[in-house]
Amino acid sequence: MDAKKPRAAVDGLFTMDPEEPRLIGGKCSSCGSYFFPKFYQTHKPTCSNRGVEEVLLSRRGTLESFTVQHYPPPPPFVSPRPFVPYGLGLVALPEGINIIGIMTGIAVEDLKTGIEVELVLETLHQDEKGNDLLSWKFKPVD
Amino acid sequence: MHPWGKFPRKSFVDLGVEAIINALNDAGMQWTDIQAMVSGCFIWDGVGGLLSGHSIAAVMGETGIPITNVFNVCATATSTFRAAYQTVASGEQDICLALGTDISPAGFLPIVGGENPEDCDYLRWKMLGITNPGYWALECRQRMERYGTTEVDLARAKVACSKNGALNPNALYRKVYTVDEVLNSPMVADPLRLLMICATRDGAVATILCSAEIAKRFTSKPVMIAGVGLGSALYGDPTARLGLLAAPPKTDVPMLSESYMSSQMAYRTSGIGPEEMDLVELPDNSSWHYLQYLETLGFCGPGEAEQLLASGETELAGKIPVNPSGGMACFGEAVSAQGLLQIHEVVKQLRGECGERQVQGAKVGMAQTYGMLGNSAAAVFKV
Ligand SMILES: [Zn+2]
């Protein structure tokens, strides 16, 4: 039997570095705008070039807002059974871009804005062979 | 209009045809009087739905008129209205029909268009599972921290709408709620509870627009379109925009910038400002929207919406009656038809045909819709 091997639930969104994973974003060399994902570009209207270079976004940011979803979302999201309410955070990165991510490593009752969080990779769900499919999540920094 | 509800045995065509027939009867017109049509339908109906105007004209009887199909998500219906307005205002045609029709799936609106890894809407469902109320909750919590908005404030928005809806025979939900009932409804996306979020429903509305000269033939008291607005977002809009994974916030850009832009355009083209408005139908997709739109549309300053609501000034007898129809809280949202439902209410109010929910002496009214990915439309009416 093959060893179970974790992989990204969707490729190209983050690096697979197990210690220090990073989101793969884009940056415009002309107007300085940052994007995530890198294909979804939002340039300044006066941008002269609209060129994009791939950048790895900061791992750490500040929790600007959060919510706790109490009902299982529809597919393609795969919810655990039984469903457990989970947190979603809006995280401000130093680049001046806010990123949404699932919260981990903190009880939903303990979520509060202003805390420092960092990006981790965790299992989103497993495929039919039991391999872990990963996504980015945000975890409070100790 | 075709009433709002769930109609599993009907198609968007059935709803659209019924709405058109009702509008023709109201106007005293025949289908053959219609010289152009602009139509919009949401995404659940394949090619027939993309070409909703053509699908529906086939049933009404094909007359060779210009038909345009419009898609601007939740702002679709108001966008059909704007295009119909331009068709008449430009002098191209004298009588144009605007139609919005929608049959939605039950529950959370799911993903459209398959598993495309370069579609943010797919990624937000796949990687985050963030629902529409999830996005609104992220904004709502920031508002609570910024202005001290309480759960009671959020509940009051539902209560206020439910009082109006109870007086509207067209409304789907006619129960008057109390603050306690709203606060005891299940939590969906903290801090938003079930009764602070609108449901999705089916419905259709047809509106007939004609030149002022032609209108005299059909009615002695026409409602005039004072101005229309259509907006898209501004670079740097801080809103966590529904359907995206990231936002690049700039401090000097208003949130819901597309809605700010569409309302400003409607004020500019009509020459009528928020302070002169006798009533407004705004998009209360959630209680957060109710509060935020009071500010985005300029009915109060930043952080003042809670006080405006609590003071009763948004009730039927208040300074600025909000959602006299009961709004989405009492109808649910039929995505691509909702804007015309709002316009239907404003027109009925200005005609003085609203019975118990009539805003006394209403002469000027506004309808405003909101859609995902930077979409918003508005219209101002007067008599
Ligand atoms: Zn650029």
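Predicted model: local features only at pLDDT ≥ 70, side-chain atom pairs only at ≥ 80, totals over all residues.
Local features were taken at pLDDT of at least 70 and side-chain atom pairs at pLDDT 80 or more, whereas totals for chains, interfaces and linings use all residues. Residues are numbered from 1 along each chain as its sequence is written, and side-chain values use heavy atoms, with hydrogens and water left out.

The zinc ion is coordinated at 2.1 to 2.4 Å by Cys28(A) (SG), Cys31(A) (SG), His43(A) (ND1) and Cys47(A) (SG), where donors are N, O and S atoms within 2.8 Å of the metal (3.2 Å for Na, K and Ca). The angles subtended by the four donor atoms are 101 to 117°, which makes the arrangement tetrahedral (all angles between 85 and 135 degrees). Along the chain, the donors follow the spacing C-x2-C-x11-H-x3-C. Cys28(A), in strand E2 (residues 24–28), and His43(A), in the loop between strand E3 (34–35) and strand E4 (52–56), are 15 residues apart and link distant parts of chain A; strands are DSSP runs of at least two residues, and helices (H or I) of at least four. Cys28(A) is buried at 1% relative accessibility, as is His43(A) at 13% (buried, under 20%; exposed, over 50%; partly exposed in between; 1.4 Å probe, protein chains only).

Over all chains, the structure holds zero disulfides, defined as pairs of cysteine sulfur atoms within 2.5 Å. The sulfur of Cys198(B) lies 8.6 Å from its closest cysteine sulfur, in Cys74(B), and is therefore too far for a bond.

Leu50(B), in helix H2 (residues 46–50) of chain B, is exposed, with a relative accessible area of 60%.

Note on methods. Chains lettered and ligands numbered in written order. Tetrahedral: all angles 85-135°; square planar, octahedral: opposite > 155°, others 65-115°.
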